[in-house]
Amino acid sequence: MQTDVAAFAPGRVNLIGEHTDHTGGRCLPMAVAMGVTVHGRREGDRVLLSSAEVPGVADIALDVADPAAVEPAWARYVAGVVAELRPEVGFTGGLRSDVPVGAGMSSSAALEVAVALALGHDGDVEDLARRCQAAEQRATGVPCGILDQLASAAARDGHAFVLDCHTLGRTHVPVPDDVEIRVVHSGQERTLVGSAYAERRAQCEAAEALIGPLRLASPADADAIDDPVLRRRARHVTTENQRVLEAADALRSGDVVGLGTLLDEGHRSLRDDFEVSTPTVDATVARLRAQRGVHGVRLMGGGFGGCVVAVTDPGALAEGWHARPGPGAHLI
Ligand code: GLA
């Protein structure tokens with residue numbers, strides 16, 4: 001049977017809680033209004049998708065064996081989803097995206113989630129996110145966590161949410177109108193493929209071999225690690241997990257100054273303890289932070305370039321994107 005389908009999945013902003021998801025820690029993401037729309041028909045025995053923005057066609061056999069070898073490169077994410085879902089029927093259609101690519105706003109997660117819905121995924125949002133996380137790993141070889149896909153799949157309009165990446169439990173928190181969230185590109189393109197992401201993840205696992213699960217550890221536990229590198233990595237994760245809860249409280253009470261302070265601390269921790277910032281990103285953070293009405297700025301996403309996120313008074317910053325919290329993925 002031929003079916004007309006349209007599915008939308010948003011990009012995301014992570015207010016705080018960076019490099020915590022892969023150890024089952026906490027994050028505070030929200031969806032943005034920008035996203036990927038996939039439209040077309042379930043038909044045939046291949047998935048055929050063209051993009052309104054980028055050249056080439058994703059032409060994926062339903063039994064695709066190696067998504068990472070597919071060309072063009074953007075089609076690998078489509079292939080990853082096909083390999084995860086193994087739909088019985090193909091798809092012919094197109095996609096549109098207004099999520100900036102290579103910025104740390106999860107354009108690839110938005111693509112995966114929209115494709116999965118368009119192909120007929122009918123499980124719950126946790127299953128949708130897990131399958132799309134696996135699709136991303138198949139497509140890129142990067143052992144990413146579940147933050148991006150779960151944020152895209154499960155966000156609620158007007159809200160950020162505390163995500164427990166161990167249980168996938170979520171507590172939605174309204175974002176007050178007078179707290180503006182602004183995303184600004186550092187000008188440095190970012191890719192996690194070939195970055196030290198996998199190395200950082202391995203270092204977290206090495207720290208866990210010493211002190212147990214980082215999601216249950218305290219900063220004092222981290223400070224007891226002898227190895228200075230592993231100690232710093234663990235200190236970032238354990239302090240960041242605490243900052244997520246404090247940031248959610250600040251958001252709940254409309255305390256933009258307190259929220260900003262936590263973002264500043266989060267940036268220092270990513271820069272000095274987790275060591276995933278760059279001089280270009282640090283300069284962007286410092287430049288924006290010096291402006292009136294800007295209460296906190298930090299690196300967002302996996303690091304090594306990409307965007308920063310700022311909390312500001314309304315209208316304080318002219319550059320970048322005003323990130324308004326939008327709904328999670330859905331069929332249109
Ligand atoms: C990337 C990964 C996520 C998460 C962030 C860092 O976006 O895809 O799983 O680890 O980095 O918080």
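The model is predicted: local features need pLDDT of at least 70, side-chain atom pairs count only at pLDDT 80 or more, and totals for chains, interfaces and linings use all residues. Residues are numbered from 1 along each chain as its sequence is written, and side-chain values use heavy atoms, with hydrogens and water left out. Helices (H or I, at least four residues) and strands (E, at least two) are DSSP runs, numbered from the N terminus. Two strands pair if DSSP finds at least two bridges between them.

**The four-stranded sheet**

- Four strands make an open sheet, ordered S10-S11-S9-S12, with antiparallel pairing.
- Strands S10 (294-299) and S12 (321-322) are at the edges; each has a single partner strand, so one side of each lacks a neighbour in the sheet.
- Six bridges join strand S9 (residues 180-185) to strand S11 (residues 307-312) in the antiparallel sense.
- Glu180 has Thr312 in S11 as its bridge partner.
- Strands of a sheet pair through backbone hydrogen bonds, either parallel or antiparallel.

**Helices on this sheet**

- Helix H8 (residues 256-273) lies across S10 and S11, at about 30 degrees to S10.
- Helix H9 (residues 279-289) packs on the sheet and touches S9, S10 and S11.
- The direction of H9 makes about 175 degrees with that of S10.
- Contact here means heavy atoms within 4.5 Å.
- Axes are lines fitted to C-alpha atoms, for helices over the stretch in contact, and angles run from 0 to 180 degrees between N-to-C directions.

**The three-stranded sheet**

- Three strands form an open sheet in the order S2-S7-S8, and the pairing is antiparallel.
- Strand S2 (26-27) and S8 stand at the edges with a single partner strand each, so one side of each has no neighbour in the sheet.
- Helix H4 (residues 147-154) packs on this sheet, touching S2, S7 and S8. Its direction makes about 135 degrees with that of S7.
- S2 and strand S7 (residues 159-164) run antiparallel, joined by two bridges. Arg26 has Asp164 in S7 as its bridge partner.
- Five bridges join S7 to S8, again antiparallel. Val162 has Thr171 in S8 as its bridge partner.
- S7 and S8 form a hairpin with five residues between them. In the turn, Leu168 has a positive phi of about 65 degrees.

**The ligand site**

- The ligand is surrounded by 13 residues (a heavy atom within 4 Å). The closest are Glu18, His19, Asp21, Asp148 and Tyr197.
- Polar contacts are pairs of N or O atoms within 3.5 Å; within protein, one must be able to donate a hydrogen and the other to accept it, and residues adjacent in sequence count only if both atoms are side-chain atoms.
- A side-chain N or O atom of Tyr197 is 2.6 Å from a ligand oxygen.
- For a polar side-chain atom of Asp148, the distance to a ligand oxygen is 2.8 Å.
- Gly302 places a polar backbone atom 3.3 Å from a ligand oxygen.
- The ligand alone exposes 310 Å², and the protein buries 98% of that (Shrake-Rupley method, 1.4 Å probe).

**Salt bridges**

- The whole structure holds 20 salt bridges (a side-chain nitrogen of Lys or Arg within 4 Å of a carboxyl oxygen of Asp or Glu).
- One of them joins Arg170 and Glu126, at 3.1 Å from N to O.
- This pair links distant parts of the chain, 44 residues apart: Arg170 is in strand S8 (residues 170-174) and Glu126 in helix H3 (residues 125-140).

**Backbone details**

- The peptide bond from Glu71 to Pro72 is cis, with omega near -10 degrees.
- Pro72 sits in the loop between strand S5 (57-61) and helix H1 (75-85).
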